[in-house]
Amino acid sequence: MNLAVYWGGIAVDHKTGVPLLMEKSKPGRIGYSLPPLDVPELSLDELIPKEYLAAQIPDLPEVTEPEVVRHFTQLSRRNHGVDVGFYPLGSCTMKYNPRVNEDIAALAGFSRLHPYQPWDSTQGALELMYQLDSYLAEIAGLSKTTLQPAAGAHGELAGLLIMKAYHREQGEEKERQEILIPDSAHGTNPASARMAGFVVKTIPSQLQGGVDVIALKDMVGPQTAGLMLTNPNTLGLFDQNICEIAKIVHRAGGLLYYDGANANAIMGIVRPGDMGFDIVHFNLHKTFSTPHGGGGPGAGPISVSKELEQFLPYPIVTKEDHRYTLTKPAKSIGRIKSFYGNFGVLVKAYAYIRIHGPQGLREISENAVLNANYLMHHLKDDYYLPYNQQCMHEFVLSGKWQKAVGVSALDIAKRLLDYAMHAPTIYFPLIVDEAIMVEPTETESKETLDQFIEVMKAIAAEAKEDPDQLIQAPHQTPVGRLDEARAARKPILRWRSKEI
Amino acid sequence: MSYIPNTQQEQMQMLKACGLSEIDDLFSQIPTTLKLKQPLNLPGPLAEASLIKHMNILASKNINLDTATSFLGAGAYDHLVPSVIKHLVSRGEFLTAYTPYQAEISQGVLQSIFEFQTLIAELTGMEAANASMYDGATALAEAALLACNATRRRKVGLPANLHPEWIEVARTYLENQDIEPVIIPYQSDSGQIDIATMDASLAKELSCLVVQQPNFFGCIEDATGICSWIKNGDGLLVAAVNPISLGILKRPGDYGADIVVGDGGSLGNPLSYGGPTVGFFATSGTSLIRRMPGRIVGETIDGESKRGYVLTMQTREQHIRREKATSNICTNQALNALVATMYLSLLGKQGLRAVANQCLQKTAYLQQALLRAGYQRRFTGPCFNEFTISGDVDWAKVNHQMLDKGFLAGLPLQQFDKDLSDSLLLAVTEARTKEEIDEFSGLLGGYCSGS
């Protein structure tokens, strides 16, 4: 071993960090024992022609259970989560994840169900899905929900395919090829539109951050399939022209898609359906706290208007005479995932809605918006605030004052890590230079917010007085700033045994 | 129940600090006409204990696999899961993190993904794997898109013995991008893809041919022969594999597959009514690796040459490339991939082999018993963990009667193909004991008119 360094109570090699599982492997070790085979064993050759058999077994690591426990415990200690500390990652809604929901999803009556059991043996699961469908439709202000999509982007794809099916039904599929997307939109919006076979047209934002309505009027026409929008938008601002925007798009024959990544701002306060949206997705891992799991599993159900119900992906849950079944809508766009969506995630979202009730959901949004405004108010003297107006659940600062003295948004983000806080989303939305997008969520206390304010102010001061501290940051983390360019230039995407 | 820490008094203080006097002032930018005038029409709040009670009631309306003995498979298998996994995976540092955008405080998740990529690459015999896809079906659809992109061809060969739901998902993804799925028939007696009767000129039109190994009916395909057929026309081979089978069967990399996908539900994840599972995606060669969808983690160093891991090759991705991205995928199935990593390391080389062998042996044991009872093998192709029997039986009715006796009997194939109305698809894993198999085959055998 090189030089032992201690971080989080772990002795690790200075250069290599926590050894990889593969590096810990010793021939003959095993971490799980099966019951002995209790049926008569036949020779492999009798069962499978030799040419189909593996010449050798895949070289998986050989480690014991205690080693596996220590390995992943060590890895976990090198990782930040909402449970560890503040996580104001804009547009990601990193709120507290209630543990009771984990217990509930793990109940054998939910976690030990096979997707092809007869419906009569899964009435509880189907009832839960049926109810969640209606709850989400109510929150969206729309008619019916599909629970199939596995994530927000997957919901976007399904929603756009529904738009396509709608225009096909109108005999206008060939003409209506364009999806309008604001320049402030999440990257998944244009990527999903292309996957659905559409052409993307970017709408500029006006000076106040909303959709440029005049530009929109010029851009819509018989070629318009629809508009994708999030409201509040990625600047954290509510687009007050939404009714006019909806009217313009609908008059042109297009549909409106609501990107629900920012729905934590609006529950019980305003509904996308009432704003004029036809299709809405929710990120259950964000708004309904199912948690994020280090990058999934999430779920991205979409709710649609009455007239679009017939196009929903199948299966959907239907109730007839107190019995729940899975059915196929008349003009369904097809199947988008195997089985019935990320059911285990749906269970947690259902529980989250039930524990809160309507007033509780409203209070979530109220406090999410209050916390964001509180932070914005206290940070706008130290960081440039390009859109100086009341925000919703998040707001976007610009690091351009700091950039002027040679400190980038990235440097600010990296310095925050030294204070055991996750950085905000940076360099997004693209329309703000050196963007720093802050979303505190409702589950953070005033003390945490005050602490963040204090740290951000200290960093702003440091940018002036000791910029090197920031440019070299982070200093307190298990590894220093990592060389991303090197990783991309010569990709090392897996471990390989040295003997090869 | 509420998880909001700030008291009403603190909320008032904070409002005041912002120059506002009441909560409603926070929403002044929303046009009044749009604001909800009444509360959402949802059931009232519950205390934690009441919620648990309610959820227990809902859960008890389901028959679960702890109370019924399952011989269902068809893409979701009841495998044994080491207890330790649930303890490790529920650590808050993993559970409550998101995509590791800030690498220096996300080394835990990043390293675990790097390990996942390594294990999947090793398992499939490919050079590289990504961080995960939603499930096997969507991974397959994206593999087909990648093949079209790489070969500049607009047709995809999908065998009729591929899982019907995977075919349907692929259709949804492909047809909306004007890519034509070409359904490749299987031999009605063996259940396997019939290369001998396939036109060689078709191989020149296909971007790729998909082979599911073992296929939907449980039969093992001649993947080597299939591979040479598609390669003769310069198309790619996409293998959709059951990862457990790779403890025994040849790795896709060893028979020449270009892209390998599959569902990692079997690798330690709960069945959970079919999801969340994890899709895996592996490929070889710089050109295909550079076009892979999804997150990819790479190794690098910091300023002091310390080893670390970062998200890499991000110029393929939606947040950089927007409409030019290789896929729209963002959130994937990281926690399920972490479970798979734990599972594969706990079982290790020998354990995976043992699980695969037990599935194989127990499947053969049940199959023999049912044949003795008078059922027929519907397909003659060799099997791994799943097989199809036929008999003059009303399977839906039998299934209900078997359920009353505590067994989830198998999947009637009539719902997928009317020509298979006499057929039942059964799976056996290492989780089934000889005693369970004997009781089950005795009962099911009783319904066979040939007996």
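These legends describe close-up views of a predicted model.

**View 1. An open sheet in chain B.** Four strands of chain B form an open sheet in the order β11-β12-β15-β14. Their pairing is antiparallel. Strands β11 (376–377) and β14 (411–412) of chain B stand at the edges. Each has a single partner strand, so one side of each lacks a neighbour in the sheet.

**View 2. The pairing of β11(B) with β12(B).** Strand β12 of chain B covers residues 386–390. β11(B) and β12(B) pair in the antiparallel sense, over two bridges. Look for B:Gln376, whose bridge partner in β12(B) is B:Ser390.

**View 3. A helix across the sheet strands.** Helix α13 of chain B spans residues 334–373. This helix lies across β11, β12 and β15 (423–427) of chain B. Helix α13(B) runs at about 5° to β12(B).

**View 4. Two helices from two chains.** Helix α3 (residues 65–77) of chain A meets helix α5 (residues 107–124) of chain B, with axes that come within 7 Å. The axes cross at roughly 135°. That angle makes α3(A) oblique to α5(B). On α3(A), the contact is made by A:His71, A:Phe72 and A:Leu75. On α5(B), B:Gly108, B:Gln111, B:Ser112 and B:Glu115 make the contact. By class, this contact has two nonpolar, four polar and one charged residues.

**View 5. The interface of chain B and chain A.** The contact takes 192 residues from chain B and 210 residues from chain A. The buried area is about 17700 Å². Carbon and sulfur atoms give 62% of that area. In chain B, B:Gln29, B:Glu104 and B:Tyr273 lose the most area to chain A, together 6% of what that side buries.

**View 6. A salt bridge between the chains.** Across the interface there are 12 salt bridges. The side chains of A:Arg112 and B:Asp66 meet in a salt bridge, at 2.9 Å from N to O.

Notes. Residues are numbered from 1 along each chain as its sequence is written. Chains are lettered from A and ligands numbered from 1 in the order in which they are written. This is a predicted model: local features need pLDDT of at least 70, side-chain atom pairs count only at pLDDT 80 or more; totals for chains, interfaces and linings use all residues. Side-chain values use heavy atoms; hydrogens and water are left out. Two strands pair if DSSP finds at least two bridges between them. Contact means heavy atoms within 4.5 Å. Axes are lines fitted to C-alpha atoms, for helices over the stretch in contact, and angles run from 0 to 180 degrees between N-to-C directions. Angles under 35 degrees count as roughly parallel, over 145 as roughly antiparallel, 65 to 115 as roughly perpendicular and the rest as oblique. Ala, Val, Leu, Ile, Met, Phe, Trp, Tyr, Cys and Pro count as nonpolar, Asp, Glu, Lys and Arg as charged, and the others, Gly among them, as polar. Buried area is the accessible area (1.4 Å probe) that two parts lose on being put together, summed over both. A salt bridge is a side-chain nitrogen of Lys or Arg within 4 Å of a carboxyl oxygen of Asp or Glu.
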